[in-house]
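Look at the sequence and the model below. The notes that follow cover strand pairing and nonpolar cores.

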Amino acid sequence: MALTSLSSPALAAEDPATIASLQRQIDELRAQVQALLAAQQNAQTPALPPTAPAPVAPAPAAAPVLAVVTPPAPTASKPGKPKPWYDRLQLRGYTQMRVSEVIDGDTDAPAGVSRLRSVHDAGVGEKGNFNFRRIRLALQGDVSDRMGLYLQGEFASAVTGQANGERRENFFQLRDAYADVYFADRTIKLRVGQSKVPFGWENLQSSSNRIAIDRADGPNSAVPGERDIGIVGFYTPPAIQKIWDDLAKDGQKLFGNYGAFALGVYNGQGTNRTEKNDGLMKVAMATVPFRLDGLGGPFVGKVLELGAEGMLNTFQPEVRTGGVSARAYIDNRVNLHAILYPAPFGIQAEWSWGKGPEWDRLTQSLASKPLSGGYVQAMYRVKHSPIGAFIPYARWQSYRGGWKTATNAPRISTDEIELGVEWLPLKEFEVTMAYARMRRSEADERRSGVARGDLLRAQIQWNY
């Protein structure tokens, strides 16, 4: 159309200078069109937008095309190799340091009379100040999608039986050494090795998570040390796992994922003890959490967990004359537990019944005798405050029965009230302070009677 208009008779009559200028513009437009067509044919760049006229020259016309050549796209990188198994492991642990002070009580007594002592805390009644209660270091992780491992040691164990009778503190001792094999999208797992026995909710709960200073005597009397060597299977339905996951996100102190249902067999002789008979300890557990939102009102947001455990076993206690008893004694028990997770108020309770080995003072021999005991604990959780989170608690416990892992399985009698508070100024740093009014018999069949006392204790825990 431009060429047609320029060749019209009206333009022919114009000044020759005007015609020459128009001809020059036509030549410039023709050069630009040719450059664009060449670029489109070579597929080097999309068509360029119209630009202001530029002097026509072969070399300059080619330069803009070369300047906008798009570099080739980089080739997709190959997917990275899966992490080697040793890169999947993590190292973690915690340390607990305590100090105990008997305000008033029977710390000393004549021979044959009970002194104020605890089967859980060697610092009670001792002439000492600070001591390490636990120093744990654990290596754990999944070595593959189907198997995980857990290895934990204790650096605060004591060794007795020295030549002069003095204890040697802070020896390393194995606590856990097991492998988990996963099935059915991890709802089922098989655990083999030395691990916690699924008897008692508080027994399964890590000491780093427990609110009270020590475990209660009743449920813990079934498995002092909480561990044994064996094989156990756990099953956790996804709906139950979802409740526990939500509680964990809320910061609740759970018992650890030991399954909603468990069934296992163990040696039955206890933590780091040599098996002494052909029998196996059989254990079964069921624990199910329930959301209480459907009840409305004050129950909205609260979770109640109910459960039971059973144990069939025979046990051979250590005897004063050396070694273990030649006879295996019946050691059968049942335990019930209930936990209303604090939100903010909570309550926790367990009770055990059964028969176990116990020293009989009349016959001066061992026998299988009835036992029972448990605890009730109330707590109030303050998640946020100017000084950090804290949980005040009150706990009552009672127990009557043998303590099978002490020499000659002496009968112990326990009645105790404990008031305390756990304070978390930092997530990785905890302080627990507690007052206890104790009424305990000493775990020694050569001493009789009950010792009484008032005790103040403090524990500092740091996690890593």
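**Strands and cores**

In β13, Ser352 is the bridge partner of Asn335. The model is predicted, with local features needing pLDDT of at least 70 and side-chain atom pairs counting only at pLDDT 80 or more, while totals for chains, interfaces and linings use all residues. Residues are numbered from 1 along each chain as its sequence is written, and side-chain values use heavy atoms, leaving out hydrogens and water.

**Strand pairing**

- Helices (H or I, at least four residues) and strands (E, at least two) are DSSP runs, numbered from the N terminus.
- Two strands pair if DSSP finds at least two bridges between them.
- Strand β12 (residues 332–340) pairs with strand β13 (residues 345–360) in the antiparallel sense over nine bridges.
- A hairpin is formed by β12 and β13, with four residues between them.
- β12 also pairs with strand β9 (residues 303–312), in the antiparallel sense over eight bridges.
- Leu304 has Leu340 in β12 as its bridge partner.

**Nonpolar cores**

- A nonpolar core is a set of buried Ala, Val, Leu, Ile, Met, Phe, Trp, Tyr and Cys residues joined through side-chain atoms within 4.5 Å.
- Buried means under 20% relative accessible area (1.4 Å probe, protein chains only).
- The largest nonpolar core has 25 residues, and those touching the most other members include Trp244, Leu247 and Tyr341.
- The largest share of this core, four residues, comes from α7.
- Leu247 touches Gln252, Leu254, Val303 and Tyr341 (contact means heavy atoms within 4.5 Å), not counting residues up to four places away in sequence.
- Another core, of seven residues, lies apart from it and includes Ile211 and Tyr393.

Methods
Buried means under 20% relative accessible area, exposed over 50%, partly exposed in between (1.4 Å probe, protein chains only).
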